[in-house]
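The sequence and structure come first.

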Amino acid sequence: MNTQIQYRSQPEGVTNIDDVTTIKECWDFSFNNMSRLNEQLQDKIQNPNISVVVAGSYARMEASKESDLDFFILTEEESEQVLNVREAVTSVAKGLGIKLPNPEGVFSEVLRFDEIVTNIGSNLDHLTPLAQRLLLLLESQPVYNEDIYIKAVNNVLDKYLQYVIEDPKRQAVFLLNDTIRYFRSICVNYQYTCWKEEEKWTLRNIKLRHSRVIMYAGLLLLIVNASKKDEDKLGYIRKHIRYTPIERIVHVYQDNDDHNFQKVLECYDLFLKKISDKDIRESLRGIDYSERYSNPYYKELKVNSDKLQTELTRFILANRHNWAPEIFEYLIF
């Protein structure tokens, strides 16, 4: 029987949340909408074998009025009710004034969670199944049927961490490799979409430099930090996989007695502040690449993203002695 999902009312470990006002506002906005979605879907859907899961800004708990609800349907077995479930989510979202995503996007298909791990690394494992599988670990939150969602996440983790389960002294290299592969695929895909839809390149570039970097860093740092958990890497990753990317980053900083995570929060707070402003978003559309620095918002956000990536790089290099040496070999080779 499905029960109300309990979302965290503020990010775990961020004690100075009032100092990053936009992060707090976006978290509150996401918390309220996700809670209402979950509550209303309890009455709309009656299927114990299906879970409705969100990705994107709602999953990261950083949504605003400008955010789409990127959702997908996880199923344990074939079901004829899938269409009704999609219609129910669409209806509830519209009633709450939440924007709906591209109907032909990466999550337009129904995901059988026993199938999303079947073809890892094969010639069938193109960008769409890779994205569906990795986003489940990188950034996701259930809004209906948490039990099926947890089973799906654990199923993916068990596949990726099979060798670690068999020998706890081994590193989570399988998961590391696919995490890196997905992020690099996003980077390459960004270039392709810029060629195809040139007027949208600016927003995509800014998101790639901020939200995609944070998403990637959150799981990457969790994997790297697990290298010092000799006896229970699986348990450690499983415990923290429900954290948002920001929460994971703050946790790993704190777990290594490094308190400079405030720099990450400040950079990300500025990004959210600007990208949540409808007028700023509009001003960033259609900028010619050669004249990009003439736009003050793009220039400011480019500098901000450089600061963000510099701090994350500093953290990794400054704390590498805390982690297993071989994990850095796997990062490069």
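## Cysteines, a buried serine and a helix

There are zero disulfides in this structure, which is a predicted model. For C26 the reason is distance: the closest cysteine sulfur, that of C267, lies 16 Å from the sulfur of C26, too far for a bond, given that a disulfide requires the two sulfur atoms to be within 2.5 Å.

| Residue | Relative accessibility | Class |
|---|---|---|
| C26 | 4% | buried |
| C187 | 23% | partly exposed |
| S305 | 0% | buried |

S305 belongs to helix α13, which covers residues 296-318. Which residues does S305 contact, leaving aside its neighbours within four places in sequence? They are R209 and H210. With R209, the side chain of S305 also makes a polar contact of 3.4 Å.

Helix α5 runs over residues 146-160. The buried residues of α5 are I148, Y149, A152, V153, V156, L157 and Y160.

As for confidence, the chain has a mean pLDDT of 92, with 96% of its residues at 70 or more. Helix α10 (residues 245-255) has the highest confidence, at 98, while strand β3 (residues 111-112) has the lowest, at a mean of 81.

Notes
Residues numbered from 1 in each chain as written. Predicted model: local features only at pLDDT ≥ 70, side-chain atom pairs only at ≥ 80, totals over all residues. Heavy atoms only, no water. Helix = DSSP H or I, 4+ residues; strand = E, 2+ residues; numbered from the N terminus. Buried < 20%, exposed > 50% of the residue type's maximum accessible area, 1.4 Å probe, protein only. Polar contact = N/O pair within 3.5 Å; in protein donor to acceptor, adjacent residues only side chain to side chain. Contact = heavy atoms within 4.5 Å. pLDDT = per-residue confidence, 0-100. Expected span 1.5 Å × (residues − 1).
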